[in-house]
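Hi,

Here is the structure I promised to pass on to you. Have a look at it first, and then read on for what turned up.

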Amino acid sequence: MNTINNIALHSSCVCLLMVLLIVSGSEGRVGAKPIQIAPSSTRSSSADSPLLDSLLRTNPLLQPVLQHASTYEVQILYTQIDRDSQNQPHFTQHTFRLNDKQYFNPASLVKLPTAALALEKINRLHQPGLTRRSPMATGVAYRCQTAAPYHPSADSDQVNTVGNYIKRMLLVSDNKAYNRLYEFIGQQQLNERLWQLGYPSVRITRRFAPCDTAANRHTNPIDFYSAATNQIIYHQPAAANPLSYSSPLGRINKGRAYRSGGRLIQHPYDFTTANYLSLQDATTILKTVLFPEAMPAPQRFMLTPNDYAFLRHYLYSTPHGSRYKPYAASGFFDSYKKYLFYGRRGSIPSQSSLRIYNVVGMSHGYLADVAYFIDTTQQTEFMLSAILYVNKNGVLNDGTYEYASIGLPFLQQLGQTIYSYDTQRPRLFKPVFTNFFKGN
């Protein structure tokens with residue numbers, strides 16, 4: 001077991017090597033990982049990083065989970081960020097049990113690529129007057145679909161728009177908002193565009209609603225209106241994906257039983273047709289949204305600088321801090337949805353110098369958080385992603401999961417452990433966040 005002094009020594013060596021690479025302009029390796037990580041369907045398990053393994057061992061509160069990491073299906077990805085003299089970011093990835101072939105339910109992690117592609121679709125349509133602020137009405141054309149009519153309102157926060165749906169998704173992980181954007185993009189376009197961007201193993205094939213596989217291939221008719229005239233400016237007809245997507249991991253069964261319709265079914269739950277998004281791909285998508293200029297051009301979303309600033313703002317904002325009126329209630333506390341530092345404890349005051357840009361997932365016993373941390377006082381930054389499974393009784397859909405007792409405390413301690421280390425890690429150049437915060 002390494003001591004904290006050994007960790008510091010290892011970090012200094014890594015930092016020195018990073019300096020040499022930056023000065024020489026090399027894009028070679030730092031530690032065991034390339035600086036630039038491109039998504040790939042061929043990745044499977046990764047060798048654990050000695051640095052990350054040592055860091056995890058320094059916190060005794062993490063050990064009850066880590067000593068049974070296989071049972072809890074733990075995966076962790078810590079990305080160090082070092083700036084060069086031009087303030088350009090370089091990424092060094094450290095992993096613990098990262099394995100793209102180990103299925104987990106991504107739950108709301110799929111909301112970030114869906115949000116980005118909804119904005120991209122608006123740009124691609126080139127319809128005069130159509131923006132993320134345009135009121136929209138969702139109709140019904142197939143079973144399991146629900147309507148969301150357009151109701152003009154003096155309060156723009158209450159109107160159904162692509163922008164407001166994204167706010168609801170990113171601020172409080174609203175499922176109905178996700179469904180509306182899934183329907184706007186369309187199942188086929190949603191998946192094929194992500195494959196084109198370099199994520200061939202991604203499958204986003206389900207609404208967050210009890211619809212079967214066939215119903216999820218059908219999406220609703222949608223009308224967009226001019227807020228000034230209340231006239232339709234764009235009509236999107238109902239659509240159906242003619243293709244049936246197979247699981248990239250084959251058949252996926254989890255647990256020993258599951259509940260359905262009030263009955264206990266004594267068979268494993270079948271996730272074969274469920275959404276799939278690996279932790280690596282979820283992390284790369286967040287990195288692409290936050291640092292588009294650092295990613296290869298074919299991997300970037302077709303978004304404007306204003307689109308990127310909009311996404312960054314709501315990835316970072318808390319429900320109260322956003323001033324978005326639907327979430328003014330006290331139940332939406334300041335640290336809401338920032339699992340990797342605060343857990344889910346509203347009593348913990350938020351740290352004013354700390355900004356966390358993140359997306360989370362919580363479903364079927366799986367708990368995930370994919371985050372980018374900035375500390376404006378320490379002038380440090382890093383990314384941290386983690387997933388674990390907390391379902392002691394092995395029954396799916398029974399609502400009995402150890403989120404509060406095991407999962408959230410683990411993520412809280414994990415984030416604080418990495419934060420404590422990274423804020424003390426030596427850097428040749430301190431990051432400058434001025435441009436990053438513009439419009440944010």
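What volume does the largest pocket have? About 590 Å³. Bear in mind as you read that this is a predicted model. The lining of that pocket takes in 30 residues, and those closest to its centre are Arg-207, Phe-208, Ala-209, Ser-363 and His-364. Two elements give two or more residues to this lining: helix H8 (213–216) and strand E14 (354–363). E14 gives the most, with four residues. If you sort the lining of the largest pocket by class, you get 13 nonpolar, 11 polar and six charged residues.

The second largest pocket comes in at about 380 Å³. It has 17 residues in its lining, and Leu-290, Glu-293, Arg-312, Asn-435 and Phe-436 are the ones nearest the centre. Helix H10 (residues 305–316) supplies the largest share here, three residues. Nine of the lining residues of the second largest pocket are nonpolar, four are polar and four are charged.

Searching the whole structure gives one cavity of 30 Å³ or more. The largest cavity has a volume of about 170 Å³, and among the 20 residues lining it, Thr-205, Tyr-245, Thr-272, Thr-273 and Ala-274 are closest to its centre. That lining is made up of eight nonpolar, nine polar and three charged residues.

Next, have a look at Glu-183, which sits in helix H6 (residues 175–185). Is Glu-183 buried or exposed? Its relative accessible area is 2%, so it is buried. Its side chain makes a polar contact with the side chain of Arg-180, at 3.0 Å. Setting aside the neighbours within four places in sequence, Glu-183 touches Thr-138, Arg-207, Thr-219, Asn-220, Ile-222 and Gln-236.

Thr-138 has Ile-222 in E7 as its bridge partner, and three bridges join strand E5 (residues 136–138) to E7 in an antiparallel arrangement. On strand E7 (residues 222–225), Ile-222 and Phe-224 point one way while Asp-223 and Tyr-225 point the other, and all of them are buried.

E7 and E8 make a hairpin with six residues between them, and Asn-230 in the turn has a positive phi of about 60°.

Finally, there are two backbone angles to check in one loop. Arg-97 lies between strand E4 (89–96) and helix H4 (111–125), and its phi is near 60°, a positive value in a residue other than glycine. Ala-107 belongs to the loop between E4 and H4 too, and it also has a positive phi, near 50°. How do they stand in terms of accessibility? Arg-97 has a relative accessibility of 21%, so it counts as partly exposed. For Ala-107 the value is 6%, under the 20% cut-off, so Ala-107 counts as buried.

Over to you!

Methods. Residues numbered from 1 in each chain as written. Predicted model: local features only at pLDDT ≥ 70, side-chain atom pairs only at ≥ 80, totals over all residues. Heavy atoms only, no water. Buried < 20%, exposed > 50% of the residue type's maximum accessible area, 1.4 Å probe, protein only. Polar contact = N/O pair within 3.5 Å; in protein donor to acceptor, adjacent residues only side chain to side chain. Contact = heavy atoms within 4.5 Å. Pairing = 2+ DSSP bridges. 1 Å grid on protein atoms, 1.4 Å probe; cavity = no way out; pocket = protein on both sides within 12 Å on 5 of 7 lines; lining within 4 Å. Points joined across faces, edges and corners; volume = space filled by probe spheres on them. Nonpolar A, V, L, I, M, F, W, Y, C, P; charged D, E, K, R; others polar.
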